[in-house]
There are 2 protein chains.
Amino acid sequence: MRVELLTVGDELLLGDTVNGNAAWLGRRLADHGVEVTRSVVVGDELDVIVEAVASALGRADAVITTGGLGPTYDDVTRDALAKAAGVGLVRDPALERRLRERAEASGRMLQPMAFRMAEVPEGAGLLRNSAGTAPGLRVELPGGIAYALPGVPFEMRTIMDEVVLPELAAIAGPPGVARRTLRTARVWESVLATRLAEVEAMDGVRLAYLPDPAEVKIRVTAAGPDAPGRLAAAEARVRELLGDVVYGVEDETLARVVHRLLVERSATVAAAESLTGGLISAELTAAPGSSETYAGGIVAYATEMKARLLGVPDALLAEHGAVHPDVAAAMAAGVRDRLGTTYGLSVTGVAGPEPQDGRPVGTVYIGLAGPEGTRTVVSPKLPVPGKGPEIRAVIQRMTVVHALELLRRALLGLDVAEWSEESRRDREEWG
Amino acid sequence: MRVELLTVGDELLLGDTVNGNAAWLGRRLADHGVEVTRSVVVGDELDVIVEAVASALGRADAVITTGGLGPTYDDVTRDALAKAAGVGLVRDPALERRLRERAEASGRMLQPMAFRMAEVPEGAGLLRNSAGTAPGLRVELPGGIAYALPGVPFEMRTIMDEVVLPELAAIAGPPGVARRTLRTARVWESVLATRLAEVEAMDGVRLAYLPDPAEVKIRVTAAGPDAPGRLAAAEARVRELLGDVVYGVEDETLARVVHRLLVERSATVAAAESLTGGLISAELTAAPGSSETYAGGIVAYATEMKARLLGVPDALLAEHGAVHPDVAAAMAAGVRDRLGTTYGLSVTGVAGPEPQDGRPVGTVYIGLAGPEGTRTVVSPKLPVPGKGPEIRAVIQRMTVVHALELLRRALLGLDVAEWSEESRRDREEWG
């Protein structure tokens, strides 16, 4: 079954918002065996929407629209679907009643414009919205079916999950394609692609590489007879070829994997940050159940705070500045001792755009203090991604990934010697 | 001048990635007086791309494609543009030489597949890529011009800023539309819209409301003769009607505004977090120059860490748990004292999805400790946005916004009594 997405909203064309809804829909539909063949964004223009709906249904079986179902004058999706169907808009008394009740319950005064949300194209089906006010709409048109959903993300997702996806999955039947996404960190996309060339050559198998700063997701797709069996064989071969470079699957972020490994070892971690400004802590706390493994963290942003809050020796900071392997080691031990956790994870470095303490942009030291006083410091060579203020955010993200990957490898007992070697050489060079 | 965007990539249709490039392009083009009338996403399919380019140029003057210029077999944009132009692909010796040089310089082995990036449609213009390997392309077609850019964001942006935008701006001429985005926090979209109804009625003026958790951006657009003059009048009226509800313009985030206000007062701030897990610190450090005003922070995630790291009295935690106005006050004073800053900003609360310490999801206390021992605690009533694991991230975001807004209002000497009243009532109710 082929579906197109039509996102309505000037703000999307003007770049005020990124199209998160389309991404979510694409993924969810794919999971249910429904292929999204095109995704279009148009502005809040009645006749443009009418034309876009018609042309989508000229190519696909159904179109899913989001946006334009609100109460303001620029919300014209209802009107567009009525026009496309050649019918008028009628006031639905039950919807009107519900609008009034919800407004009363939340103590808000109902603005007159809100009653537009009680109008529906004549003959349209209503898609129940348990998370909000305006229902979605199902409108049958010459070329297929149009599903109209609110633009508010959690309302759209709720209606999709509760009403539309079950309906589409029933029409689509079992998927003839099987997919699985494997997650890797710290290895170049082209190196992965070269190593996995034989998997690309497997019958009905396709690999796609989705890079992020310091991470690459590999989407393995298998089609044809016994797609699930082909997928399993392809995945197994990828894992054989890549080994422990693969850290997780699907939405299993590094933080979730680290959380699981800590739980299995009844261990806890605390984070000492500088250039990452709180992002490592935020990443660790995003994993469900993180309160079991993450106790807290310290953001020692100013140099003197590394001494004041973490006990890094003043003499060390005075001699070498904040960006040095021994500073990372002291920060890691300091946060572990102060919070009483099993592990302390630290970062210090130069996010840019300017060098710091004589160290170039992209210089980063990551420290890990473990049980029995073990200390590890690694220094990934971060590729500086271009110029300008953006590089800071990219370097921060890469640092977060490298830090979590160091912890993961340490918990699994995997080798980090190559990493350590680079920081040892730096120590020799800089003293 | 009318332009359409064509983003190429299966990963976008499958929802692996959100279309950040299209959002950036939409905004940048609008700033240069170029209207984006449609934005389409298609997969890595040669003939679909050919058709989509042709149909875009049937509606608009130019189409900007992103993606599909890499070295792997699914990168087919070059081939599609060659087919659309009715020409073949030719090897460019200068590009090939550059490819080899870059690979040598970064110590990487050049994979054979990489040479695809040295091929160009015959007769195409090359758009210099100072940030990466493959150049962009300019291809003249029957309906207009196709600009093909890499999908890697900073490469795409670099080529756009350096080559394409100047060219398009010169063709487009001065914009007939003027825009300005005003930023507000803590007021409902519908309340703002009702208050600003008279501005909507002004000649040639249009308002769009772009909501985020606890924030609403108001985009004011003016068209027609003297669009800039109309815009200035509309903006002035909005500011008169909303007063200090407007905290900034365009990309002036709350964190940047707070940073500026702290600099003006030669003041510094430290953050003590719990449910927000490091996000307030990350937000504050994202503002350029933040090292001048933000000294550091403490993420006291586990309840006992509030005592251990911030000096919150054990008895208080034992009696009331971590979610209480007095805990917020103690955390704020504790982080300010420990880091020696002018202000300490704290949050404690229940992000969900489960209640905590007998407090329902959405209960949040925000503390601010200031000079001369002043302490303020507010308790915004966060609307709980639906159900499920997503509400956690939304409540965290709303809490970050409320916390920064509290600091902003305090620095400006604005009233926070209404906020404080809610927490005083809670204290009476719960003891």
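**A helix pair in chain A**

I began with helix 2 (residues 20–31) and helix 6 (residues 153–172) of chain A, whose axes come within 11 Å and cross at roughly 25 degrees. I kept in mind that this is a predicted model. Angles under 35 degrees count as roughly parallel, so helix 2 of chain A is roughly parallel to helix 6 of chain A. I also looked up the hand of the crossing between helix 2 and helix 6 of chain A, and it is right-handed.

Which residues meet where helix 2 of chain A touches helix 6 of chain A? From helix 2 of chain A I noted A:Asn21, A:Trp24, A:Leu25, A:Arg28 and A:Leu29. Across from them, helix 6 of chain A brings A:Pro153, A:Met156, A:Arg157, A:Met160, A:Asp161, A:Leu165 and A:Leu168. Sorted by class, this contact of helix 2 with helix 6 in chain A has eight nonpolar, one polar and three charged residues.

**A sheet in chain B**

Next I turned to chain B, where I found an open sheet of four strands in the order 10-11-9-12, with antiparallel pairing. Which strands stand at the edges? They are strand 10 (205–212) and strand 12 (246–249) of chain B; each has a single partner strand, so one side of each is left without a neighbour in the sheet. The twist averages 25 degrees from one strand to the next.

I then followed strand 12 of chain B to strand 9 (residues 177–185) of chain B: the two run antiparallel and are joined by three bridges. For a spot to look at, I jotted down B:Arg183, which stands opposite B:Gly248 in strand 12 of chain B.

Note on methods:
Residues numbered from 1 in each chain as written. Chains lettered and ligands numbered in written order. Predicted model: local features only at pLDDT ≥ 70, side-chain atom pairs only at ≥ 80, totals over all residues. Heavy atoms only, no water. Pairing = 2+ DSSP bridges. Axes fitted to C-alpha atoms, helices over the stretch in contact; angles between N-to-C directions. Parallel < 35°, antiparallel > 145°, perpendicular 65-115°, else oblique. Left-handed = near helix turned anticlockwise from the far one by under 90°. Contact = heavy atoms within 4.5 Å. Nonpolar A, V, L, I, M, F, W, Y, C, P; charged D, E, K, R; others polar.
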